[in-house]
Amino acid sequence: MIGIRNIVVLTGAGVSAESGIATFRGPGGLWEGHRVEDVCTPEALADDPALVHRFYDLRRAALAGVVPNAAHDALARLDRGWRGELLIVTQNVDDLHERAGAVRMLHMHGELNSALCAACGARAAWREALPPGTRCAACGSGALRPDIVFFGEMPYHMTRIDAALAAADLFVSIGTSGAVYPAAGFVQTARAYGAATLELNLEPSAGSAWFDETRLGAAGALVPAWVDEVLGAG
Ligand code: NAD
Ligand code: APR
Ligand code: ZN
């Protein structure tokens, strides 16, 4: 890719759909049957901690039965092969990017395999069920909660993400509906700083108009083809 050195990739639930993890807003999406306000807000955690913990326990347990798909594998291949700067920012709380081998990536909405202490802020790797009242190893309080960024909370790593967007020559959004800010605004930030913008998604997203190019289709097909283009021309 001529003139491209810094790449930022944003991924959403669509990149994991072909691994069998339901998306949030599609048919059969995770919020169906659960109003999002019931499971994904600080208020819900305070009012009904058992429900919130159970919801994330089920999602954490489900990770054991899924594997990365061709899109995760291709992004890991991009990470290994791209000599310029790269940052893969995922909104997903699964661990499929890292299981595929991606290293230059971060989780802006937290991780299922992590617990956060609401009392002291410590984060700890967590693979098991996390019942309400579980004690924090760092401070001893019973305030461990799923390490998930709820609606209304500040996503992780925003300083690093903003710096990468400002330096990006190419911004690529994969498998996200563009419904949730601040991630939905990354395309506009990258554009304002001069990046070319590309969207790979099953259907047009809320932000499609902001992209120089949109390719519609399954991530498992579109992402490997795009990575071939980038590495072939790099
Ligand atoms: P919003 O986009 O203005 O605000 C979302 C806020 O939550 C932001 O401040 C963002 O930083 C923060 N946030 C942090 N982590 C988040 C995370 N993991 N998921 C979501 N937000 C996170 O307004 P909003 O009302 O929260 O809704 C955003 C969009 O999502 C809207 O377009 C809304 O229609 C849609 N939405 C869909 C559902 C659903 O699918 N059932 C439910 C609620 C909202
Ligand atoms: N290939 C490519 N795209 C796909 C595929 C696929 N196989 N399957 C679905 N998609 C697309 C859908 O068309 C949709 O536009 O992926 C997108 C998934 O959108 P959402 O379900 O809204 O997921 P996401 O954008 O990641 O949600 C953002 O919302 O609730 C919060 O914190 C949660 O991180 C999440 C955030
Ligand atoms: Zn603690």
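H157 is found in the loop between β6 (144-148) and α7 (158-167), in a model that is predicted. Its phi is positive, at about 65 degrees, although H157 is not a glycine. Most residues other than glycine have a negative phi, and most peptide bonds are trans. H157 counts as partly exposed because 13 other C-beta atoms lie within 10 Å, and a residue needs 20 or more to be buried and 12 or fewer to be exposed.

**Backbone geometry**

- The peptide bond that runs from Y181 to P182 is cis, and its omega is near 10 degrees.
- P182 belongs to the loop between β7 (170-174) and α8 (186-192).

**Domains and their contact**

- Two domains divide the protein chain: domain 1 comprises 1-20 + 67-109 + 155-234, and domain 2 comprises 22-65 + 112-148.
- A distance of 25 Å separates the C-alpha centres of domain 1 and domain 2.
- To the contact between them, domain 1 gives nine residues and domain 2 gives seven residues.
- On the side of domain 1 that touches domain 2, four residues are nonpolar, three are polar and two are charged.

**The annotated position H109**

- In UniProt, an unreviewed entry carries the annotation "active site", which covers H109.
- H109 is placed in the loop between β3 (105-107) and β4 (110-117).
- Apart from neighbours within four places in sequence, the residues in contact with H109 are Q91, V93, I148, V149 and P155.

**The annotated positions Y56 and R59**

- UniProt, again in an unreviewed entry, lists Y56 and R59 for "binding site".
- Y56 lies in helix α4, which spans residues 49-62, and R59 is also found in helix α4.
- Y56 is buried because 22 other C-beta atoms lie within 10 Å.
- R59, by contrast, is partly exposed because 18 other C-beta atoms lie within 10 Å.
- When neighbours within four places in sequence are set aside, Y56 is in contact with L112, P146 and I148.

**Helix α5**

- Helix α5 covers residues 70-81 and has 12 residues.
- From its first C-alpha to its last, α5 reaches 16 Å, close to the 16 Å expected at 1.5 Å a residue.
- The buried residues in α5 include A71, H72, D73 and A74, together with L75, A76, L78 and D79.
- An α-helix has 3.6 residues a turn, so residues three or four places apart point the same way.

**Residue pairs brought together across the sequence**

- L116 lies in strand β4 and counts as buried because it has 22 C-beta neighbours inside 10 Å.
- The C-alpha atoms of L116 and R145 are separated by 5.4 Å, with the two residues 29 residues apart along the chain.
- Beyond neighbours within four places in sequence, L116 is in contact with R123, R145 and D147.
- F24 is located in the loop between α1 (14-17) and α2 (36-39).
- F24 counts as partly exposed because 18 C-beta neighbours lie inside 10 Å.
- I2 has its place in the segment before β1 (6-11) and counts as exposed because it has 5 C-beta neighbours inside 10 Å.
- I2 and V230 are 228 residues apart along the chain, and their C-alpha atoms are separated by 9.5 Å.

Notes
Residues are numbered from 1 along each chain as its sequence is written. Chains are lettered from A and ligands numbered from 1 in the order in which they are written. This is a predicted model: local features need pLDDT of at least 70, side-chain atom pairs count only at pLDDT 80 or more; totals for chains, interfaces and linings use all residues. Helices (H or I, at least four residues) and strands (E, at least two) are DSSP runs, numbered from the N terminus. The expected span of a helix is 1.5 Å times one less than its number of residues. Domain bounds come from an automatic or database domain assignment. Two residues are in contact if their C-beta atoms, placed from the backbone, lie within 7 Å. Ala, Val, Leu, Ile, Met, Phe, Trp, Tyr, Cys and Pro count as nonpolar, Asp, Glu, Lys and Arg as charged, and the others, Gly among them, as polar. UniProt positions are given in the numbering used here, feature names are shortened, and annotations may be inferred rather than shown by experiment.
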